[in-house]
Amino acid sequence: MFPTSVPWPNGARCAVAFTYDMDADSILHLAHHATAHSRVASLSMLRYGPQVGMPRILKVLKEAGIRQTFFVPGWSIERYPEAVEAMLKDGHEVAHHGYLHELPSEMNAEQEAYWFQRATDVIVKYTGQKPRGYRAPSYRFSDRTLDLMIAGGMTYDASLMGDDVPYVLESEAGSLVALATHATLDDWPHFMYGRDFNYVMQVRSVTAAFEVYRDEFDAAWEEGGMWIAVWHPFLSGRPSRAQATARLIRHMQDKGGVWFATMEEIAAHVRSLQAAGTWSPRVDRMPYYTGPIPELFEGPGVTAAGART
Ligand SMILES: [Zn+2]
């Protein structure tokens, strides 16, 4: 066992969650308030997610016999309820991903609290229960987000990148389980190409991208850790990528000792290990900082030139 190895259920070596963020076209309306409605090609690319990508992804997951977690903005739930009904019908978890994919770290406290609650209300209305977890849109978790999640009764966060195994985020308000991921396992850097987002990079081949995903899985399996993908139906729901997903799942199943689980199941398992005293996750006390670090303002000052990337 590696020092970080987690005692997963039934002696499994690795926990795996194929999580999907079904943003649909919320991200375009957010990026271009006044003109999104007229950017029709981008709208069609993003609507492909709920309308064409989702049925294909659900089929792959169903054939593999696994249930996973979908993070869906509240607006996208209201706009594409059939896609959400299909997720629920297959037993998947629907989790919080903002209302219009708004970015908490770019908002003030009042704005963040308003949209967080509005999205929560939509999830309750459409799924019949409060969301157990949250992924901040575009990973823009703010220094207030944790407290909002704890106040909302959530059990886990899926926005951060601080470890290879579950850890705990703790503040004055309480604590929850952090299930971290990394851009390596996000499909945007591999597959996204969109001029309306100023995201114009060479699209990688399925072989190249899935080599990265598989290597990450093999290493997580070796260490007894976890593997959490952050994929989007409009990208990973296309035929070649969905077929590669099925092959990757087979690779995992053939290797053995893999616990395919929803995010809420992984978080609940971590809490049960803590309660039993079998395993103690690392604890990060939040917030990391309460404001700009004072050193920035000492001496003659430091320049920010070159740091704004
Ligand atoms: Zn998203």
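Student: Which residues does Ser26 contact, leaving aside its neighbours within four places in sequence?
Tutor: Ser26 is in contact with Pro73, Trp75, Ser76, Leu100 and His101. Contact means that two C-beta atoms, placed from the backbone, lie within 7 Å. This is a predicted model: local features need pLDDT of at least 70, side-chain atom pairs count only at pLDDT 80 or more, and totals for chains, interfaces and linings use all residues. Residues are numbered from 1 along each chain as its sequence is written.

Student: Where does Ser26 sit?
Tutor: In helix α1, residues 26-31. Helices (H or I, at least four residues) and strands (E, at least two) are DSSP runs, numbered from the N terminus.

Student: Why is Ser26 called buried?
Tutor: Count the C-beta atoms within 10 Å of its own: 20 or more others make a residue buried, 12 or fewer exposed, anything in between partly exposed. Ser26 has 25 such neighbours, so it counts as buried. Across the chain, its C-alpha atom is 8.5 Å from that of Tyr99, 73 residues apart in sequence.

Student: What makes Tyr134 buried?
Tutor: Tyr134 has 28 other C-beta atoms within 10 Å, so it is buried. The residue belongs to strand β4, residues 133-134. Beyond four places in sequence, Tyr134 touches Ala95, His96, Met149, Met154, Asp157, Ala158 and Ser159. Leu43 is 91 residues away along the chain, and the two C-alpha atoms are 25 Å apart.

Student: How do you know that the length of α8 agrees with its residue count?
Tutor: The expected span is 1.5 Å times one less than the number of residues. Helix α8 (206-223) has 18 residues and should span 26 Å; its end C-alpha atoms are 26 Å apart, so the two agree.

Student: Which residues of α8 are buried?
Tutor: Val206, Phe210, Tyr213, Phe217, Ala220 and Trp221.

Student: What do the buried residues of α8 pack against?
Tutor: β1 (14-21), β8 (226-231) and α10 (239-255).

Student: Why are α8 and α10 called roughly parallel?
Tutor: Axes are lines fitted to C-alpha atoms, for helices over the stretch in contact, and angles run from 0 to 180 degrees between N-to-C directions. Under 35 degrees is roughly parallel, over 145 roughly antiparallel, 65 to 115 roughly perpendicular, and the rest oblique. The angle here is about 25°, with the axes 11 Å apart. The pair is therefore roughly parallel. From α8, Val206, Phe210, Tyr213, Arg214, Phe217 and Trp221 make the contact; from α10, Ser240, Arg241, Ala244, Leu248, His251, Met252 and Lys255.

Student: What follows α8?
Tutor: Gly224, with a positive phi near 75°.

Student: How do you know that the span of α11 agrees with expectation?
Tutor: Its 14 residues (263-276) should span 20 Å, and the end C-alpha atoms are 20 Å apart, so the span agrees.

Student: Why is Asn10 called exposed?
Tutor: Asn10 has 6 other C-beta atoms within 10 Å, so it is exposed. It lies in the segment before β1. Its phi is positive, about 55°, although Asn10 is not a glycine.

Student: Why is Tyr139 called partly exposed?
Tutor: Tyr139 has 16 other C-beta atoms within 10 Å, so it is partly exposed. Its place is the loop between β4 and α6 (145-151).

Student: Which form does the peptide bond from Met286 to Pro287 take, cis or trans?
Tutor: Cis, with omega near -5°. Pro287 lies in the segment after β10 (283-285).
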